[in-house]
Amino acid sequence: MQYIPPSNLRGHDLAPLLASRGLDLDWFTEHDFDPHSTANVARNTYLEAMAKVPFHYRSAVATLPQLRAWIDDLIAGALEAQADRGSPIASITHGSSLLLLGVTGVGKTHEAYGAMRELSISGVYGQWQVTTAADLYAALRPRHGIDSEAEFRKYRDARLLLIDDLGAERKPTEFTEEINFRLINHRYEHHLPTLMTSNVEPKDLAARLGDRVISRLAEMCERVAMKGNDRRRNAA
Ligand SMILES: Nc1ncnc2c1ncn2[C@@H]1O[C@H](COP(=O)(O)OP(=O)(O)OP(=O)(O)O)[C@@H](O)[C@H]1O
Ligand SMILES: [Mg+2]
């Protein structure tokens, strides 16, 4: 793993994020020159994750207890696998998934990026792919010069995947249904941790995503219903 000098992280508002996991800035910014130290793993993982966090959510901190418990489980699983294999660093490879549900503007995307940031500074390595469902379908539409299957595998096989706004399209098509099924089925079969958000009401989820996707989601992930109103309107 590349050694990241702590000075590269000046200017990041890290203290509140580290505090959310009971860590402090001294640990994160210690100059130990050890590429396998947990602090160096955290610096690498944090910078990789932040390259995928949109500017608006750059300071997001997760607040939902279920999300924080999910992070704890992923970390525990990675540490267990590291002990079994005697690996120099702990990496997330398997785990359960989580589905955040709630109305528009309640804070689902904020929580999701908060979770991604929190996991990134834990000292356990985890590589994320991030997409909205709509962007995923657009990226996978067959077109000249694009290997859609290679693009699909990038998301299908991601160690950690965030799918924002699942089921947001008003009218599912055969194409979106097939993508949803192939993606969720693969991640279900391989126990690949997936964080999903949706503003579809629970009672409408089956109609939007199909019974076979819902059945797999029921087994592979915890559903968390977020309560509240549209924070964007409140702010305005
Ligand atoms: N816990 C929080 N603390 C501070 N700001 C928050 C928090 N949660 C959400 N916000 C802010 O509220 C706004 C709406 O949040 P967010 O974008 O996460 O909503 P959403 O549920 O993903 O909405 P949509 O369904 O439209 O995608 C954003 O500006 C976000 O930064
Ligand atoms: Mg959102």
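Predicted model: local features only at pLDDT ≥ 70, side-chain atom pairs only at ≥ 80, totals over all residues.
User: How many residues does helix H5 have, and what length does H5 reach from its first C-alpha to its last?

Analyst: Residues are numbered from 1 along each chain as its sequence is written, and side-chain values use heavy atoms, with hydrogens and water left out. Helices (DSSP runs of H or I, at least four residues) are numbered from the N terminus, and the expected span is 1.5 Å times one less than the number of residues. H5 covers residues 108–120, close to the 18 Å expected, with 13 residues and a reach of 18 Å.

User: Is Ala115 buried or exposed?

Analyst: Good one to check! Ala115 lies in helix H5. Buried means under 20% relative accessible area and exposed over 50%, with partly exposed in between (1.4 Å probe, protein chains only). Ala115 has 0% relative accessibility, so it counts as buried.

User: Which residues does Ala115 touch, not counting those up to four places away in sequence?

Analyst: Contact means heavy atoms within 4.5 Å. With sequence neighbours up to four places away not counted, Ala115 touches Ala62, Leu67, Ile71 and Leu195.

User: In the largest nonpolar core, which residues touch the most other members?

Analyst: A nonpolar core is a set of buried Ala, Val, Leu, Ile, Met, Phe, Trp, Tyr and Cys residues joined through side-chain atoms within 4.5 Å. This core has 39 residues, and those touching the most other members are Leu67, Trp128 and Leu195.

User: Why is H5 largely enclosed by the rest of the structure?

Analyst: Among its buried residues are Tyr113, Met116 and Leu119. H5 is largely enclosed because the buried share is 12 of the 13 residues.

Key:
Chains lettered and ligands numbered in written order. Helix = DSSP H or I, 4+ residues; strand = E, 2+ residues; numbered from the N terminus.
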